[in-house]
Amino acid sequence: MTDACPQTCGSQQASELAASPTEARGEVRSVFPSLMDIGEALLKCGADVHFTEQMLLRLGKAYGATRMNVLVITAVIVMTASYPDGSEQTFSRRVVGEGGTDFAKLEALSRLCEECCECPMAASEIASRLAAIKRERFPNAALFVGGVLSSSGFAVYFGGTLIDGAVSAAFALAVCLAIKYFKPLTPNTIIFNFATSFVVGVAICLAASVAPFFNVNIVIIGVIMLLIPGLAMTNATRDMLSGDTISGVMRFVESLLWATALALGFMAALWVASELGWGYEQVTATMDWSFWMMLVAVAAGSVGFALFFDVRPAHILTAAAGGMMCWVIFFVSRALLSGLFVPSLIASTCAAIYAEVMARTSKIPNAVFFIIAVIPLVPGRGLYYTMYSAVNADWAACASNGLSTLLYAGGVAVGICLIAGIMQIWDARRAVLEK
């Protein structure tokens, strides 16, 4: 998707918009609230700051502004439109609420923006279309089936047995119920993550004390994958290294707090279980699955997350294929190279290229493909064992696991920004040549 907006439109309305500065200014004034609504909706369904800024910039120019200055951070949107007569108008919007990840809505909003850029709509029509998008409900089947596949697939991927995968899937249903019914009642994600992880963690420990035939750690790791803020961390890193430092730092700190609350909730559950004397065997050994079994687990997890994030059916297999490709590249790189950073960098770079190609081919935001593609690189296991070691005062293991987690995350971050930077240069160069 390019940043350049079509300069002409066949509709009579577009001609009228360009008729005079006064008419253009009046039209922009009437449509600005709807444009701000679009920006807010983009942020709340998972769009990164740079993507949101570019969409709003293009929309403002499509509605007659000669110049647009747009600032978007996670909490505020500010837009200033300049007109042919030299006058300017500034609008701002406080973004309330943390939103979530809904790629179906993100795709629909992106399509609405493209249509408005090509043939500007009246403010009333934009408001009507936007209201229809907001009314779309997250499918219950996608949430629960996606949660089960994701949790079970990654429980096996991280070394669990098939029984561990089945148990993780059962508790994933509890997490999905919490997301659907409990999350809307909580004031913020920190409280939701801590409360949900604590309750589910206690339930897992209690089940293990009654029926000690599964690996508690692996089951928890599988469940963690549903709540870990991978998208927020990815967007934060992309924002920081793309020049949106304030937004990136805010989002990164926020995502770290979410991840910390999640880990602390599970650690508190393990502590409660220990204090109450619930006996269960702490299994540390993991399964050494074959390449093909790991690939099947990654495929299940990738399809699961595509459903869990409400990717449209037409793109589910394409998005999941990116996850499988990313893991295969990581697996081969690990076999040929030492360390974690370089294999993660190579795999995430390939995932970013794949996402860009598929996004431009399908004309939808690349986050739909990229987030699913890098899911196998999300360090859920490393995060869990880092916090687990800290709670047990095993600082050597804590440092080792923490370093591994940072190497994974660092490799993914550099891969993201490398391709994002190249594509921004490419788009800027093409925009200059097209003038």
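This report describes the nonpolar core, the aromatic pairs, the salt bridges and some local contacts of a predicted model.

**Nonpolar core**

In soluble globular proteins, nonpolar side chains tend to be buried together. The largest nonpolar core of this model comprises 119 residues. Within this core, the residues with the most contacts are Ile38, Met79, Ile204, Phe305 and Tyr384. The element that gives the most to the core is helix α9 (residues 216-227), which supplies 10 residues.

**Aromatic residues**

A pair of aromatic rings is described by the distance of the centres and the angle of the planes. The count for this model comes to 17 aromatic pairs. In one of them, the ring centres of Phe32 and Phe91 are 4.2 Å apart and the planes stand at 15°, so the pair is stacked. Phe32 belongs to helix α2 (residues 21-44) and Phe91 to strand β3 (residues 88-94), so this pair ties together parts that are 59 residues apart in sequence. Phe32 is buried, with a relative accessible area of 0%, whereas Phe91 is partly exposed, at 21%.

One aromatic cluster is formed by Phe103, Phe154, Tyr157, Phe158, Phe291, Trp292, Phe305, Phe308, Phe309, Trp327 and Phe331. Phe305 of this cluster is also among the residues with the most contacts inside the core. Elsewhere, Lys180 lies over the face of Tyr181, at 5.5 Å from the ring centre.

**Salt bridges**

Side chains of opposite charge can pair when their charged atoms come close. The model has eight salt bridges by count, including those in the table.

| Salt bridge | Closest N to O distance |
|---|---|
| Arg93 and Glu40 | 2.9 Å |
| Glu107 and Arg312 | 3.7 Å |

The salt bridge between Arg93 and Glu40 links distant parts of the chain, with Arg93 in strand β3 and Glu40 in helix α2, 53 residues apart. Glu40 is buried, with a relative accessible area of 15%. Glu114 lies in helix α4 (residues 103-118) and Arg58 in helix α3, so their pair ties together parts that are 56 residues apart in sequence. Both Glu114 and Arg58 are buried.

Glu107 is likewise in helix α4, while its partner Arg312 occupies the loop between α12 (291-308) and α13 (313-336), 205 residues apart from Glu107. Glu107 is buried, with a relative accessible area of 6%, and Arg312 is partly exposed, at 26%. Salt bridges that share partners also join Asp37, Glu40, Lys44 and Arg93 into one network.

**Local contacts**

Asp48 is placed in the loop between α2 and α3 (49-62). At 6% relative accessibility, Asp48 counts as buried. The side chain of Asp48 has a polar atom 3.1 Å from the backbone nitrogen of His50, and the Asp48 side chain also reaches the backbone nitrogen of Phe51 at 2.9 Å.

Val253 is located in helix α11 (residues 245-275). Val253 is partly exposed, with a relative accessible area of 43%. Val253 and Ala236 are separated by 17 residues in sequence and by 8.7 Å in space, C-alpha to C-alpha.

Notes:
Residues are numbered from 1 along each chain as its sequence is written. This is a predicted model: local features need pLDDT of at least 70, side-chain atom pairs count only at pLDDT 80 or more; totals for chains, interfaces and linings use all residues. Side-chain values use heavy atoms; hydrogens and water are left out. A nonpolar core is a set of buried Ala, Val, Leu, Ile, Met, Phe, Trp, Tyr and Cys residues joined through side-chain atoms within 4.5 Å. Buried means under 20% relative accessible area, exposed over 50%, partly exposed in between (1.4 Å probe, protein chains only). Helices (H or I, at least four residues) and strands (E, at least two) are DSSP runs, numbered from the N terminus. Rings of Phe, Tyr and Trp (its six-membered ring) pair if their centres lie within 6.5 Å; planes under 30 degrees apart count as stacked, over 60 as edge-to-face and the rest as tilted. A charge sits over a ring if NZ of Lys or CZ of Arg is within 6 Å of the ring centre and within 35 degrees of the ring normal. A polar contact is a pair of N or O atoms within 3.5 Å; within protein, one must be able to donate a hydrogen and the other to accept it, and residues adjacent in sequence count only if both atoms are side-chain atoms. A salt bridge is a side-chain nitrogen of Lys or Arg within 4 Å of a carboxyl oxygen of Asp or Glu.
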